Structure formats: structure tokens, C-alpha cells
Amino acid sequence: MSLPIVALVGRPNVGKSTIFNRIINSRVAIVEDKAGVTRDRIYARAEWMGHEFILIDTGGITLDSGEIEEQIKAQAEIAIDEADVIVMLGDVTQHMTNMDETIAKMLYRTKKPVILAVNKADNPEQRTDIYDFYSLGLGDPIPVSGSHGTGVGDLLDAIVGEFGDKANQHEDDSIRFSVIGRPNVGKSSLVNAILGEQRVIVSNIEGTTRDAIDTTFTNNGQKYTIVDTAGIRRRGKVYEKTEKYSVLRAISAIEESDITLLVLDASTGIREQDKHVAGYAHDAGRGVIIVVNKWD
Ligand code: GDP
Ligand code: MG
């Protein structure tokens with residue numbers, strides 16, 4: 001069973017990180033709490049009323065360069081690509097801004113549920129001040145205060161209300177695996193080598209929730225599905241070069257898989273990112289096969 005992914009988007013300073021911390025304070029377990037990750041953790045497992053999910057603070061994923069506007073667009077794209085539920089945050093003290101409108105316009109393009117919350121509604125007057133956000137066209141704004149915690153329960157109710165039967169979406173008899181690793185370790189070559197030996201490639205199936213392209217094949221009567229692998233799907237978006245994004249990508253793939261093949265490069269050894277990914281798969285209770293490539 002894979003966990004739903006919930007992404008927080010919004011312009012800088014609306015309080016994404018504050019809300020993120022609020023929500024994960026009620027979490028079951030911290031997934032990533034290692035040195036260097038704690039300060040700007042962007043993802044964590046969270047839980048509300050018995051529903052577990054993965055929360056992503058997209059504001060923590062920044063491109064190496066680029067204007068604020070470009071950063072925010074990349075963050076919104078990541079949410080659209082990766083999340084099952086998107087939460088857009090506004091700031092009542094700044095009212096609605098042009099940048100909020102820009103983000104909302106990007107979110108119109110997704111079929112995924114988008115929940116609008118307006119932060120910094122710390123008192124009753126501010127809670128009644130949120131109504132100009134209606135014009136974003138994203139439905140009823142939910143007033144929240146990350147500082148005080150008010151409204152966060154309502155927001156969480158709305159989030160888990162969108163999960164539907166996501167947990168049951170992969171009820172088939174195939175063994176689902178993903179191929180994960182840093183750039184250039186040889187993921188594509190490995191996938192091609194595996195598929196090349198299979199005479200019956202069944203299909204590329206459009207995933208239900210995430211539009212992932214899954215490749216299914218049969219070997220010795222057993223059906224296998226390769227989950228959305230970078231080696232198969234090349235999207236070439238700018239943000240794909242950022243390290244945090246690739247860890248996030250790996251996490252999504254692990255969540256969708258029964259087994260993860262973690263590919264290492266024998267010529268360069270184990271890197272920090274490999275440890276993150278292995279640790280995450282371990283915490284998620286997934287099988288991991290460590291594949292050491294370039295063992296010539
Ligand atoms: P981010 O850039 O969207 O992640 O925003 P942050 O979470 O870093 O918050 C930006 C600023 O807003 C910080 O100074 C927070 O203390 C403040 N802030 C966050 N939530 C609230 C809130 O509910 N009420 C008020 N008054 N301030 C808040
Ligand atoms: Mg932040």
C-alpha cells in the first residue's frame with residue numbers, strides 16, 4: 001500500500017514551513033532526521049485520524065538559480081507532478097497578491113484536488129478577512145493559523161477527505177519494483193537490459209492517480225511492473241537537476257513499489273543520497289535490493 005502524497009505550495013513567507021511543522025508534530029515517526037536534513041526537511045510522514053500520508057514542503061525545494069517567480073513555478077510544477085492532494089497557502093495579512101493568482105492559474109491545469117488555506121488568521125477579525133481569496137477560484141478558503149494551530153484540524157480533515165481509495169489502487173498480481181539511484185549510475189542501461197531479455201513486454205500503463213508510466217512484463221509466468229523510472233520517462237524539466245527533487249522522486253517511486261532496486265556505481269561508491277533513499281525504503285517497510293553496477 002502506498003501512502004498519499006500531500007504538497008504545500010505558496011509564495012515565500014506565507015507560512016508553509018510553519019504549517020508543515022505543525023502538521024508533522026502529530027506524526028507517528030520522523031523519517032528523515034539526520035544531520036543536514038533537519039534544518040530544511042522538506043518531507044515527512046504525517047498522520048491524521050488514522051490516515052497516514054507524506055507531506056512535502058515544496059518551498060524547501062529551490063533551484064540553484066532563478067528568480068523568485070521561477071522558483072515558485074518550479075515548486076508548483078513539482079506539486080502537480082508528484083502530489084495526490086495539493087494545498088495552496090495564502091497569507092491573510094498580505095491579502096491576495098498577483099503571485100497568488102499566478103500560482104492558482106498553474107493549479108487550474110491539474111485534475112488533482114487543490115485545497116486553499118489562508119494562513120496567519122490569528123484572530124476572529126482576520127478569520128473573516130479571508131474572503132477575497134474566493135476569487136482565486138479554488139473553492140472555500142480555510143482560515144488557519146500556523147502560529148496558534150487554529151484551523152489546522154479543519155485543514156487536515158479536508159486533506160484526508162480527498163484521499164479516496166488511493167490505498168487500493170494497485171490491486172493487481174504483478175510485483176512492482178522501482179529502479180533508483182543517482183544520475184549516471186546506469187539505471188536506464190539496467191532497465192533496458194532487463195526489458196531486452198523479456199520477449200513479452202505487456203504494455204505501458206497510464207497510472208491512475210499520478211499519470212506515471214508503468215512498464216509491465218512477464219518472466220517465467222510472473223508479471224512484473226517497473227514503476228515510473230527516470231530511465232524510462234524523461235521529462236527534462238529544470239527542477240529535475242536539484243538534489244532534493246531527486247530524493248523526493250525516489251520517495252514517490254518507493255511508495256509505489258513492493259521492491260526497490262537501489263543502484264550504486266562501483267566506481268564512485270556510496271553517497272549521502274544513497275543512504276537517504278535506503279533509509280527511507282527501510283522505514284517504509286519496503287524490500288530493497290542493492291545493485292552495484294559498473295562492476296566490470
Ligand atoms: P514559508 O516561506 O512559506 O515557509 O513561511 P514560514 O513558515 O517560514 O513563515 C514566514 C513567517 O511568517 C515567519 O516569520 C513565521 O513566524 C510567520 N508565520 C507563520 N505562520 C504564522 C501565523 O499563523 N500567524 C502569524 N502571525 N505569523 C505566522
Ligand atoms: Mg519555508
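A polar contact here is a pair of N or O atoms within 3.5 Å; within protein, one must be able to donate a hydrogen and the other to accept it, and residues adjacent in sequence count only if both atoms are side-chain atoms. Take Ser-147: an N or O atom in its side chain sits 3.0 Å from a nitrogen atom of ligand 1. The side chain of Ser-17 has an N or O atom 2.8 Å from a ligand 1 oxygen. Lys-16 uses its backbone: an N or O atom there is 2.7 Å from an oxygen of ligand 1. On its own, ligand 1 has 590 Å² of accessible area (Shrake-Rupley, 1.4 Å probe; for residues, only the protein chains shown count as cover). The protein covers 67% of that.

A word on the source. This is a predicted model: local features need pLDDT of at least 70, side-chain atom pairs count only at pLDDT 80 or more, and totals for chains, interfaces and linings use all residues. Residues are numbered from 1 along each chain as written, chains are lettered from A and ligands numbered from 1 in written order, and side-chain values use heavy atoms, without hydrogens and water.

How many residues surround ligand 1? The count is 14 (a heavy atom within 4 Å). Asn-13, Lys-16, Thr-18, Asp-122 and Gly-146 are the closest.
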